[in-house]
Amino acid sequence: MMSNPDPMTAPFGAFALNSREEWLRRLAMSLPTDGLRRGAESVVRRMLMSGGRDIADVEVFPGQFARLHMRDNRCEKRVFAGSKTWDSAERAAIREMIAAKSANEGFVFVDAGANAGFYTLSAVADAAALGRPIKAIAIEPDVENRRRLEFNLAASSAGNVTVLPYALGAEEGEAVLVQSDNNRGEVHIESGGMGSTVRLRPLRAALHEAGVDHVDIMKMDIEGFEEIVLEAFFGDAPRTIWPRMILLETRHEAGITVGAAGLCLRNGYELARQMRQNAVLVLKSEEL
C-alpha cells in the first residue's frame with residue numbers, strides 16, 4: 001500500500017489489505033452458516049478498524065471490486081466482510097429472477113438510491129455467473145456517494161451500467177438533499193432542510209433517458225420518497241414498463257398494506273417474500 005494515498009484519486013489497489021487482513025476477511029466469509037459468518041464478520045471488522053483500517057480495496061462479489069469507506073457508510077462497512085450475508089435473502093430473490101430469464105433476453109435492473117453500488121455490483125456478478133446479459137441503471141443524487149459508485153464500477157469494469165445523477169420525484173424540479181451525520185446511506189430529500197440542491201426527475205423520465213423499454217427488477221431505497229415517486233409513476237407510465245419485481249424497504253412502515261408497499265399491492269403487485277427489513281413485490285402475470 002502506497003504511503004498516505006488519497007482515497008479520492010489513488011487507483012484501485014492503493015488500499016489493498018495485507019495478507020493477514022485478507023486472510024481474516026476471507027476466513028469470516030468462508031464459515032458455513034449466516035449466523036457464524038455474521039459473528040465472525042463483526043469481530044474481523046472491529047479488529048481491523050481498531051487497528052486504524054478505515055478504507056479497503058477488496059473484491060466484494062465474484063469479479064466485482066470496490067473501495068470501501070467503513071467509517072461513514074454502514075452499507076460499506078457491512079459489505080467489507082459480509083458479501084455473503086449482506087442482504088442475502090434480497091439478493092437471492094434477484095438472483096432467482098435473473099436465472100429465470102432466457103439467456104437471449106436482455107435483463108434490466110434498476111437501482112434507485114444506488115449508494116456506493118453494491119446491489120448493482122451483485123446483480124452484475126450474478127448475471128455474469130449465470131450467463132445472462134444485463135443492463136443496469138444506477139440512480140444516485142448524492143455527489144460523494146455517486147463518486148464512490150462510479151469508482152467501484154470502473155474498478156469492476158462494469159461498462160453495462162448507466163449512472164443517473166439526480167433524485168427521483170413526482171415531477172421535474174429541484175429539492176434539498178440532506179446528509180446524515182454518520183451514515184452516508186441515509187442521505188434524503190427534506191423539505192426546508194439544510195443541504196445541497198439536486199435535480200428531481202420522475203421515474204418514467206429516468207427510464208426513458210436510460211433507453212429501456214421494460215424493467216425486470218427495481219430495487220428502490222430512497223429514504224421515504226418511494227411512495228411519492230411510485231404513485232406518480234403508476235399514474236403516468238404504461239404497464240409495459242412497470243417493473244416485474246420491486247424490492248422495497250418496509251421496516252419503517254406500520255404494515256405491508258401501507259406506504260409504498262401498500263401502493264404496489266393496490267396497483268396489481270403481490271407480496272412474494274417478506275424479509276426483516278424489505279419486501280419483494282411481484283407484478284401479477286395478468287397485469288403484464
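User: Which helices and strands each supply at least two residues of the lining of the largest pocket?

Analyst: They are helix 3 (74-81), helix 5 (118-130), strand 6 (167-168), strand 8 (188-189), strand 10 (217-220) and strand 11 (245-249). Helices (H or I, at least four residues) and strands (E, at least two) are DSSP runs, numbered from the N terminus. The model is predicted: local features need pLDDT of at least 70, side-chain atom pairs count only at pLDDT 80 or more, and totals for chains, interfaces and linings use all residues. Residues are numbered from 1 along each chain as its sequence is written, and side-chain values use heavy atoms, with hydrogens and water left out.

User: Why is the pair of Phe12 and Phe65 called edge-to-face?

Analyst: Rings of Phe, Tyr and Trp (its six-membered ring) pair if their centres lie within 6.5 Å; planes under 30 degrees apart count as stacked, over 60 as edge-to-face and the rest as tilted. Here the centres are 5.7 Å apart and the planes are at 65°, so the pair is edge-to-face. Phe12 lies in the segment before helix 1 (19-30) and Phe65 in strand 2 (residues 64-69), 53 residues apart.

User: What makes Trp86 and Phe118 an edge-to-face pair?

Analyst: Their ring centres are 6.2 Å apart and their planes are at 80°, so the pair is edge-to-face.

User: Why does Trp86 count as buried?

Analyst: Buried means under 20% relative accessible area, exposed over 50%, partly exposed in between (1.4 Å probe, protein chains only). Trp86 is at 4%, so Trp86 is buried. Phe118, at 2%, is buried too, whereas Phe12, at 33%, is partly exposed.
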